[in-house]
Every structure is written in C-alpha cells, then in structure tokens.
Amino acid sequence: MKLVHVAVAVIERANGDICIAKRADHQHQGGLWEFPGGKVESDETVTQALAREIHEELGVIVLGHYPLISVRYEYPDKHVLLDVHVVNEFEGEPHGKEGQPVIWCPKDQLASYSFPAANKGILNAILLPPYLAVTNELNQPLIDGWGAHFSPKNLMIYLREELNSNNQALVLNLRAQGYRVTVKGADQESGYLHLSSAELLATDDRPDVNWLSASCHNEEEVLKANALNVDFILLSPVNSTPTHPEVLGMGWPRFAELALMAHMPVYALGGIGLDDMGVAKKNGAQGIAGISAFLP
Ligand SMILES: Nc1nc2c([nH]c(=O)n2[C@H]2C[C@H](O)[C@@H](COP(=O)(O)OP(=O)(O)OP(=O)(O)O)O2)c(=O)[nH]1
Ligand SMILES: [Mg+2]
C-alpha cells in the first residue's frame, strides 16, 4: 500500500493549550478529533505543506515550528506517515474554515478526546519530558542534583529497584513534586509500569496502567512494543558503554530507522551524554536517557 505523507500541526498557544479539530464524518478516520494538517503534495516540503494546510483549514499563518515526532502507522485501509511539528509561533486565531469544530484544549485533557489510533504516540510525545534518568538507587544528593538542573516537566525517572522501605519516601516525595517516577517491579497502582525487553516479549496483553514503558534493543522488540501499545520506549545501546565495551552500539542511523518504526516516543540510551540531545532529536528521539549522563 502507498504511504501517505501527512504534515500535522500541534499548535500550542502561550498558556500551553493545544488546538484540536474534529474530522468530518466522510473523511478517513472521520468523526474523530485530530491535530490539524493534511497531505504533503509531491512538489512540497513538509514545512510548506504544514503552512498551506494550516492556512487552508484554520486561517492561521505559521511563523515558527519544530519537529515533535514522526509516526508511521498502518491502518487496514491506509498507511500514513505523520510528520508532526509543534507550531509555537503563529498569527491569527484558529477557526474551522471547512466548517469543522475547532477548540483549544489543555494538555492534560487531550486524553479525554477520541483520536485516530496513530495519535496515541503524538499525545504521549506532547506530554512526556525530554530527559529520562535511569538509576539503580535513589538518594537525596542525587535528587538535589537533578533538582538543580531539571524541572519535573523536563525530567522523568526510572528507578531500577523495587519499592522498599529505603526508597519509598523519596519516590513519593518526587511524585508529589510532579516528577513521573517508574520503579522496577509490581507498582501498578502508581500508574507506571516498565517492562524489560524479556518481559516485553513474554507479555501478550497490555497491562492495565496509564504509562507503560519498555526497554528495546532491536526491531523485533520495537514491533512487539507497537503491538502492546507501549507508551514510550528506551532504545539501546546507541553507542557502546564503558560498562559493556564488548557490546557494539547500533549507531544513530539504525536508531533513526527503529525510532521511525516505533509508534511511540523513543528515548535514546547507551553511551550518550546530555550534549547529545540535538543529535538524538535529529534522529527521531523524544529525548535522551542515561545513567551516568544524569549523575550530577
Ligand atoms: N491531519 C491529521 N491527519 C491524521 C491525524 N491522525 C491520523 O491518523 N491522520 C490521518 C488521517 C488521514 O488518513 C491522513 C490525513 O489526511 P487529511 O484528511 O487531513 O488530509 P487533507 O487535509 O489533505 O484532506 P483531504 O483533502 O484528503 O480531505 O492522516 C491527525 O492528527 N491529523
Ligand atoms: Mg486535513
């Protein structure tokens, strides 16, 4: 099936609200809400298509945008490549020029609208931060170091240790400050659950949590994450690491291929540092994850 290339705009106004519109019933995925946009014509760049579609559909002039995520999704009747950009500078007030309902929606309420299935990854990309710290233990100096560099909006945490009497108060305190914290093992009441790649491959039905993450290293695991509707993945190792120098990294070109295959935001992990945010994003990452990289 031919791949339909689509330019999609996540238009964000100053207070953080996002513009969504309702697709007409007769359209593909009709009756569902969408981020405005449309097909990239053969003689257009994505930037040109984005500007044209947003002007045609909403009467808005795009002045500034940056890439958020690319999602390749195979509907039974159509294969799409959604090239999604945040439009953060624009002129004019969006209105439905084709008669479609258009509203501003606070980010934390987006999930209560029905979108096409391909949009789950876009929603998650809007909500998730750029940095993910992976740590084997929690202690106050580590937390203070994070606090000096990152806000809860910029950093989430994966603790590779089960909840216990030593770390529970620290975890709860971080969550109270607004950090998203996933811990190892059974902690499903928190709404967060992480699957190792072995657990991912051994799981047939999506566990009932708000935020399901998984570690992936190859195509098979990425496709399994798609099938389970995992919300975000850690893809590693990009480069070889000091602790496992014998394991070769996949490198950025392969990372980019697998990230495009993934329906959800992908964090780059392994042998990279905070300085690699730019190259990670250029290769389709939501952001970067790191163990040593995040130690103050
Ligand atoms: N615009 C947009 N399209 C989406 C989203 N999610 C999603 O799966 N799609 C799919 C539905 C369509 O198959 C395709 C986009 O096509 P479109 O109908 O917006 O294209 P267009 O504006 O050029 O419209 P048309 O002239 O074909 O009616 O991408 C989304 O959030 N926004
Ligand atoms: Mg459209």
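R254 has a relative accessible area of 29% and is therefore partly exposed, where buried means under 20%, exposed over 50% and partly exposed in between, computed with a 1.4 Å probe on protein chains only. The model is a predicted one, in which local features need pLDDT of at least 70 and side-chain atom pairs count only at pLDDT 80 or more, whereas totals for chains, interfaces and linings use all residues. Residues are numbered from 1 along each chain as its sequence is written, chains are lettered from A and ligands numbered from 1 in the order in which they are written, and side-chain values use heavy atoms, with hydrogens and water left out.

**Salt bridges**

- The structure holds twelve salt bridges, each defined as a side-chain nitrogen of Lys or Arg within 4 Å of a carboxyl oxygen of Asp or Glu.
- R254 pairs with E219 in one of these salt bridges, with 3.5 Å between the closest N and O atoms. E219 belongs to helix 6 and R254 to helix 7, so the pair ties together parts that are 35 residues apart in sequence; helices (H or I, at least four residues) and strands (E, at least two) are DSSP runs numbered from the N terminus. E219 is partly exposed, at 34% relative accessibility.
- Salt bridges with shared partners join E44, R52, E53 and E56 into one network.
- R175 and D187 form a salt bridge whose closest N and O atoms are 3.0 Å apart. R175 lies in helix 4 (residues 168-176) and D187 in the loop between strand 10 (180-184) and strand 11 (192-195), so this pair links parts that are twelve residues apart in sequence. D187 is buried at 3% relative accessible area, whereas R175 is partly exposed at 21%.
- R13 and D17 form a salt bridge with the closest N and O atoms 2.7 Å apart. D17 is buried, at 10% relative accessible area, while R13 is partly exposed, at 30%.

**Helix 6**

- Helix 6 spans residues 219-227, and its buried residues include E221, V222, K224, A225 and N226.
- The elements that cover these buried residues include helix 5 (197-202), strand 12 (211-216), strand 13 (232-235) and helix 7 (251-261).
- At the start of helix 6, the backbone nitrogen of E220 has a side-chain oxygen of N218 within 3.3 Å.
- N229 follows helix 6 and has a positive phi, near 60°.

**Domain interface**

- The chain is assigned domain 1 (3-117) and domain 2 (131-294); such bounds come from an automatic or database domain assignment.
- The C-alpha centres of domain 1 and domain 2 are 28 Å apart. Six residues of domain 1 and four residues of domain 2 take part in the contact, which means heavy atoms within 4.5 Å.
- About 500 Å² is buried between domain 1 and domain 2, with 61% of that area from carbon and sulfur atoms; buried area is the accessible area (1.4 Å probe) that two parts lose on being put together, summed over both. On the side of domain 1, I69, S70 and R72 lose the most area to domain 2, together 61% of what that side buries.
- Between domain 1 and domain 2 there are zero salt bridges.
- Strand 5 (residues 61-75) gives the most to the side of domain 1 that touches domain 2, contributing five residues.

Notes:
Polar contact = N/O pair within 3.5 Å; in protein donor to acceptor, adjacent residues only side chain to side chain.
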